[in-house]
Amino acid sequence: MKANCHNFVSLGTFLLPPSSSIYTTLKLVSSSSLSPLFFLSPVTFLSLIQRFLADNLAGISLFSFLLMEKFASIAALLLLLCFPVAFSGHDYGQALSKSLLFFEAQRSGVLPHNQRVTWRSHSGLTDGKSSGVNLVGGYYDAGDNVKFGLPMAFTVTMMAWSVIEYGNQLEANGELGHSIDAIKWGTDYFIKAHPEPNVLYGEVGDGNTDHYCWQRPEEMTTDRKAYRIDPSNPGSDLAGETAAAMAAASIVFRRSNPVYSRLLLSHAYQLFDFADKYRGKYDSSITVAQKYYRSVSGYNDELLWAAAWLYQASNNQFYLDYLGSNGDAMGGTGWSMTEFGWDVKYAGVQTLVAKFLMQGKAGRHEPVFRKFQEKAEFFMCSLLGKGSRNIQRTPGGLIFRQRWNNMQFVTSASFLTTVYSDYLTSSRSNLRCSAGNVAPSQLLSFAKSQVDYILGDNPRATSYMVGYGNNFPQRVHHRGSSIVSVKVDRSFVTCRGGYATWFSRKGSDPNLLTGAIVGGPDGYDNFADRRDNYEQTEPATYNNAPLLGVLARLSSGHSGYSQFLPVVPAPVVRRPMPIRKPRVTTPVRASGPVAIVQKLTGSWVSKGRTYYRYSTTVINKSPRSLKSLNLSIKNLYGPIWGLSRTGNSFGLPSWMHSLPSGKSLEFVYIHATTPANVAVSSYTLA
């Protein structure tokens, strides 16, 4: 937006921490010559004024302040200069579009024909092969080439939440399709990573060996071992977060792809049961993750988080009761949080449960849900600086928790304040802080101030989104972007040679990592644009994911609308009753080297009718691989998952080209009668 003096009126949206020195600073500047002003950036100086107003002249707008006689000299100077950098608005739609491109740069696997980040190519094409499972796909989490399951699942959950809340705004910006594609890239991988009800692969690659090398993902030579959790090696936090991601994503696809939506929800049910029944921290089972993504908060927050998302996806009372019955014991009503991210989910759970309460869904759990809401509002108040324990801010106004990738907490907190602002507006309520009641608009203004800081309204005038604005990081800690594209130069980059040739370069990255949100400045707004400064220049998918919803919301302006009117239709899917110990309902059927076993794994009643869920296992008993398998399934009266279908014939899923000797394939179907008749029609042996 071109600068004009009218913009002075709209700048009163920053919410900065109090400082007793502001009044003295402003008096000194206003009573002396104007020369000191030239040592401050316009944004920094306006921030000083905003902080002064918050401390001393509550209710006075910036424009009114500038007209006060005692500060007339400051007003005259600002009106004379009308600095473009200070008064230009941000293009949130453009930032939204760029932020989605970053997810395409992080893709692993076979890239699609419509891939827009063209300097990337296929990678990780043998992932999972050594473990006998197809784990091709998914996302690299940050600047390395490891696929970490816990932060990847949180990334997908937050992208899905953004679409659920702000799908209309994403569509208005032309980015709903790209957002859904980004979610599906993650959920397609999770389906592969969850081959059995109580098995989930949670990591591919090893951070230690990966960090020893600096290579493009397309030609990495590092170990690609796959690590999993199972009943003997549990991981409730990992399984719970993945259940949340699948449940949230099932809402996204309910209208556009109902069959896929039901498949995701089926996986979510199984993952939650697995997480709840076999409890334990995932990093005690996948120990190689401890150095990089240690689960400090444990798994209780993920179990509550998953239950909240499963309730929102299924509308089933079981999950609402789980929240009401376990909220106290699992810390949902006890923890007063000042952070939200891939590890600690309590603030997110508290926000969702507060939404259920405001929607009138609490029922007999209302007393417990009110305690959830109190903790949610503690978090919101601490962000605004109006609570009993407030979150630290930098002098420029950015919330600050830690030096290493602080932006992850900024974007996730901004998302929660954005949705909670809209929840309060929809329920015609105010935020209750220890400093008094706060209008919902202040929460949205807070989120805007943080996003504006990220996009360049900060003391350094630096955009921390790569490719946005004129001054952004040029030497990002990212293997793919820092090494020339394999499409430009196919010369092999060795493990250690990449450090010598590319990591140590002082020049800008050869590939622009458009849309990436880097780690950001320290607690004093300082930032060093160096590739070896991984604490500040490394991006991450979970930095960007929460920002999708915030940018979509800000791009729509400040018009009020009800967030309680969902973008997708109200769910009607019912959750099966807790799975009992499976029992064989049909004998083992064999057709030559192929054996088929069916089991009843669950049943439930809906509208007076009993439905049954059957798990069917196809076993290759031949010493050779099984190819071109065709199954005949008769007397099937419901949906089926885990097979490809052509007319009335069923075959191996699209991602499985053959069934190796001694291996098995499982598929699931649901209907309201006895088991279907499953038989082998044809096959070939490799």
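Trp161 is buried, and Phe415 is buried too. Start with this pair. The model is a predicted one. Rings that pair are described by the distance of their centres and the angle of their planes. For Trp161 and Phe415 the centres are 4.9 Å apart and the planes stand at 65°, so the pair is edge-to-face. The cut-off for that label is an angle over 60 degrees.

Trp161 belongs to helix H7, which covers residues 149-172. Phe415 belongs to helix H18, residues 407-426. The pair therefore ties together parts that are 254 residues apart in sequence.

A second pair follows. The ring centres of Trp305 and Trp309 lie 6.0 Å apart, with the planes at 90°, so this pair is edge-to-face as well. Here both residues sit in one helix, H14, residues 300-314. They are 4 residues apart, so about one helical turn separates them. Trp305 has 0% relative accessibility and so counts as buried. Trp309 also has 0% relative accessibility, and counts as buried. The cut-off for buried is under 20% relative accessible area.

These two pairs belong to one group. Trp161, Phe415, Trp305 and Trp309 are among the members of one aromatic cluster, together with Phe154 and Phe340. Across the whole structure, the search finds 31 aromatic pairs.

The charged end of Arg107 sits over the ring of Trp185, at 4.6 Å from the ring centre. The ring of Tyr212 has the charged end of Arg496 over it, 4.2 Å from its centre.

Step back for the overall picture. The protein has 23 helices and 14 strands. It has 686 residues, and 59% of them count as buried. Consider the contacts between residues at least 6 apart in sequence: 73% of these join residues at least 24 apart.

Next, turn to the annotated site. An unreviewed UniProt entry carries the annotation "active site" for His477, Asp529 and Glu538. These residues are spread over 62 residues of sequence, yet they cluster in space, with a largest C-alpha distance of 10.2 Å. The lining of the second largest pocket includes His477 and Glu538.

Take His477. It is placed in the loop between helix H19 (440-454) and helix H20 (479-482). Is His477 buried or exposed? His477 is buried, because its relative accessible area is 10%. Setting aside residues up to four places away in sequence, His477 touches residues including Gly143, Trp214, Phe503 and Tyr534. Arg531 and Glu538 are also among the residues it touches.

Glu538 sits in another loop, the one between helix H22 (534-537) and helix H23 (541-555). Its relative accessible area is 13%, so Glu538 is buried. Beyond its neighbours within four places in sequence, Glu538 is in contact with residues that include Ala142, Gly143, Asp144, His477 and Asn533. The side chain of Glu538 reaches the backbone nitrogen of Gly143 at 3.0 Å.

Two more residues round out the tour. Asn316 is in the loop between H14 and helix H15 (317-326). With a relative accessible area of 12%, Asn316 is buried. Its side chain reaches the backbone nitrogen of Phe318 at 2.8 Å.

Met246 is part of helix H10, residues 236-252. Its relative accessibility is 0%, so Met246 counts as buried. Which residues does Met246 touch, not counting residues up to four places away in sequence? Met246 touches Thr187, Phe190, Ile191, Leu264, His267, Ala268 and Leu271. Met246 and Ala160 are 86 residues apart along the chain, while their C-alpha atoms are separated by 9.1 Å.

Definitions and conventions:
Residues numbered from 1 in each chain as written. Predicted model: local features only at pLDDT ≥ 70, side-chain atom pairs only at ≥ 80, totals over all residues. Heavy atoms only, no water. Phe/Tyr/Trp six-rings, centres within 6.5 Å; stacked < 30°, edge-to-face > 60°. Helix = DSSP H or I, 4+ residues; strand = E, 2+ residues; numbered from the N terminus. Buried < 20%, exposed > 50% of the residue type's maximum accessible area, 1.4 Å probe, protein only. Lys NZ or Arg CZ within 6 Å of the ring centre and 35° of its normal. UniProt positions renumbered as here; feature names shortened; annotations may be inferred. 1 Å grid on protein atoms, 1.4 Å probe; cavity = no way out; pocket = protein on both sides within 12 Å on 5 of 7 lines; lining within 4 Å. Contact = heavy atoms within 4.5 Å. Polar contact = N/O pair within 3.5 Å; in protein donor to acceptor, adjacent residues only side chain to side chain.
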